[in-house]
Amino acid sequence: KVANTQVTLQAPTETKTTITINQHYESSFLLEDFADIQSAYDAAAEYTQKTGYALAEKMDSFVATNMTSGASKTIGSAGTTLTDTVILTANRYLDDAKAPSTERYFVVTPKGKQDLLSIDKYVRYDALGVPGDANSIRNGRIGQIYGVEVFMSQNLQVDAGTPDTHNCLMFHKEAFAVAVQKNVTFEEQRKAEYLGTLYVAQSLWGGKILRSDHAVRVKC
């Protein structure tokens with residue numbers, strides 16, 4: 001910008017991203033009158049909740065599988081223990097990709113959680129410096145590591161082998177997009193021929209990797 005001159009207008013350009021919505025799943029059950037009448041609790045409500053959970057779990061697994069295959073960076077080896085160095089390197093990969101330092105997440109398998117809880121510096125009071133936050137030994141929660149929120153999920157991809165490969169994921173929220181065209185909805189229909197009620201839940205969605213360099217596959 002030179003004094004006494006106009007600003008130079010920019011012409012922003014955007015790239016269209018197409019997300020194919022092709023994940024259509026249902027979960028259904030028939031509740032017969034005999035079972036419903038004699039049940040000591042609201043069976044319809046109980047099973048409806050479970051069908052909704054099943055569809056949500058399906059979507060979660062879909063995201064995890066696609067992020068595992070779509071991440072541009074991989075670190076760690078099958079059958080090894082997660083180490084502090086591996087986690088620091090994965091976090092650095094996000095730095096290299098200019099991913100924002102906020103809204104970063106590290107999702108680990110149950111084995112990955114076990115490995116993290118065995119890293120002494122993550123659970124020691126003196127290493128954390130804030131006794132009020134140092135509850136990992138008490139409640140088994142990891143919380144944050146180097147500013148990255150840590151979660152455990154059983155829906156992450158585990159590849160069978162000798163040894164098995166546990167695929168953990170460190171990523172920024174912009175790494176992946178999910179387009180939900182129809183969220184989980186429920187319908188019911190009286191089935192006189194069965195003397196019962198049919199309950200059906202369905203959901204329709206799609207997803208796509210948006211920024212492959214904003215996701216790191218961490219093997220252990």
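Of the contacts in the chain (heavy atoms within 4.5 Å) between residues at least 6 apart in sequence, 79% join residues at least 24 apart. The model is predicted, so local features need pLDDT of at least 70 and side-chain atom pairs count only at pLDDT 80 or more, while totals for chains, interfaces and linings use all residues. Residues are numbered from 1 along each chain as its sequence is written, and side-chain values use heavy atoms, with hydrogens and water left out.

**Overall form**

- The secondary structure of the chain comes to 7 helices and 10 strands, where helices (H or I, at least four residues) and strands (E, at least two) are DSSP runs numbered from the N terminus.
- The radius of gyration, taken over C-alpha atoms, is 23 Å, well over the 17 Å that the globule rule gives for 220 residues, so the chain is more spread out than a compact globule; that rule is 2.2 Å times the number of residues to the power 0.38.
- The C-alpha trace spans about 80 × 55 × 40 Å along its principal axes.

**Surface and charge**

- Buried residues account for 35% of the 220 residues in the chain, where buried means under 20% relative accessible area, exposed over 50%, and partly exposed in between, with a 1.4 Å probe and protein chains only.
- The accessible surface of the chain, from the Shrake-Rupley method with a 1.4 Å probe, comes to about 13700 Å², and 50% of this belongs to carbon and sulfur atoms.
- There are 22 positive side chains (Lys and Arg) and 25 negative ones (Asp and Glu), with His and the chain ends not counted; the centres of the two sets lie 9 Å apart, each charge being placed at NZ of Lys, CZ of Arg, CG of Asp or CD of Glu.

**Cysteines**

- The count of disulfides, meaning pairs of cysteine sulfur atoms within 2.5 Å, is 0.
- The sulfur of cysteine 168 has its closest cysteine sulfur in cysteine 220, at 4.0 Å, which is too far for a bond.
- Cysteine 168 counts as buried because its relative accessibility is 0%, and cysteine 220 is also buried, with a relative accessible area of 1%.

**Leucine 210**

- Leucine 210 sits in the loop between β9 (196-209) and β10 (215-219), and with a relative accessible area of 41% this leucine is partly exposed.
- Although leucine 210 and glycine 70 are 140 residues apart in sequence, their C-alpha atoms are 9.3 Å apart in space.
- Not counting residues up to four places away in sequence, leucine 210 touches Thr17, Glu174, Ala175, Phe176 and Ala177.
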